[in-house]
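The sequence and the model come first.

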Amino acid sequence: MTPMNPTRRDTLKVALLGGATALLPVRLDAAPARVFQPAPIRWIDGTAPTMHLGQTFGIAWPRGVLKRNTALAVRTADGADIPAQTWTTATWPDGSIKWTAHAIPADVAPAGLIVTRGRATTPARAVKVTETTDAVLIDVGDLRWEIGRTGPALVRSASQSGRPVLGAVSLVGSVKSDPLHGEPVSFAGEIEKVSIEQRGPVRAVVKIEGRHAMADRRWLPFTVRLYAYAGSAALRIVHSFVFDGNAGHDFLASLGVQASVPMRGALHDRHVRIATDGQMFAEGVRPLTGLRRDPGRAFREAQIAGHATPPLATMAPAVRDTLERIPAWGDFRLEQPNANGWQLTKRTAPGQGLDRRR
């Protein structure tokens, strides 16, 4: 209603209110109705990898489409179920799901996937996490990882069907007081806290927090996450740290991971594999390839493939009788000295047999 004799103020007031009313929706929080549609997933480069050790991907969902705790399944384009583990990473203000994450086992690599509503399939050999008073145990099939709650070893050991396959895995490094002429002082990581972020069945995640220790100093706080996937014999390590030293006095000379590996086979049956950018360095500790005398095709092919060689009795006598004279590489070192390349150095023993590759 307006007064019988409106003033200029009354006229402006009515006009503003009328305009505002025309711009407002019936309900400020109303959203257009949305119908759930399965989400198609594809590999970024368009083709599935020939091998992978487990994958995790995320999906964004429109507001109001998925209610909280909605069960989701992962399937191939033709409807076959894929074992998967799903969890919510973000929600909309109305409580509906905004982002979900999905983990699939190793070597499940169809060209495309679909995430839809339904009950997720569990892998035949699920990842299991158990706890003891001083350790966390991750079981992937017949492979067991033992993670300590205290001490320097991130991973105390790994065993397969009860047979040790890996010893202690620790964080190590060194620091100099002078970047050019200082002598490096070594330090190692010390665990302060261990927590379990995921327990499986497809993916397990263990978070390790601590500091690096040297003499009476504890510094460089670190966080390490260990990822285990169903169907994979690998344990992914993601390491981050905070530099809390003196920028004018503490110059990091090295920082990395050190692992001890039990060796039982003959030197020519031991193999080194180092993954670099887009390629793999692979070599036997005692190479049987490139020799002046040929040990035999079966021996060469077995070593290149990373398999145990046939019995020595079948090796060419000219090589078998002088096998111990073939140099055995005792140390391999991979460095990234700058942002544009890397360097691989190997030697037979300290001060001997040095070889570099870039």
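## The second largest pocket

The second largest pocket has a volume of about 240 Å³. A pocket here is an open set of points on a 1 Å grid over the protein atoms alone, where a 1.4 Å probe fits, with protein on both sides within 12 Å along at least five of seven lines; lining residues have an atom within 4 Å of a point. The model is predicted: local features need pLDDT of at least 70, side-chain atom pairs count only at pLDDT 80 or more, and totals for chains, interfaces and linings use all residues. Residues are numbered from 1 along each chain as its sequence is written, and side-chain values use heavy atoms, with hydrogens and water left out.

The lining consists of 16 residues, and Ile41, Arg42, Trp43, Ile44 and Gln55 are those nearest the pocket centre.

## Histidine 52

Histidine 52 sits in the loop between β1 (39-42) and β2 (55-60); strands are DSSP runs (E, at least two residues), numbered from the N terminus. With a relative accessible area of 4%, histidine 52 is buried (under 20% relative accessible area, 1.4 Å probe, protein chains only).

The side chain of histidine 52 comes to 3.0 Å from the backbone nitrogen of glycine 54. A polar atom of that side chain also lies 2.9 Å from the backbone oxygen of valine 108.

## Valine 169

Valine 169 belongs to strand β14 (residues 169-176) and is buried, at 5% relative accessibility. Its C-alpha atom is 7.6 Å from that of serine 157, twelve residues apart along the chain.

Definitions and conventions. Helix = DSSP H or I, 4+ residues; strand = E, 2+ residues; numbered from the N terminus. Buried < 20%, exposed > 50% of the residue type's maximum accessible area, 1.4 Å probe, protein only. Polar contact = N/O pair within 3.5 Å; in protein donor to acceptor, adjacent residues only side chain to side chain. Points joined across faces, edges and corners; volume = space filled by probe spheres on them.
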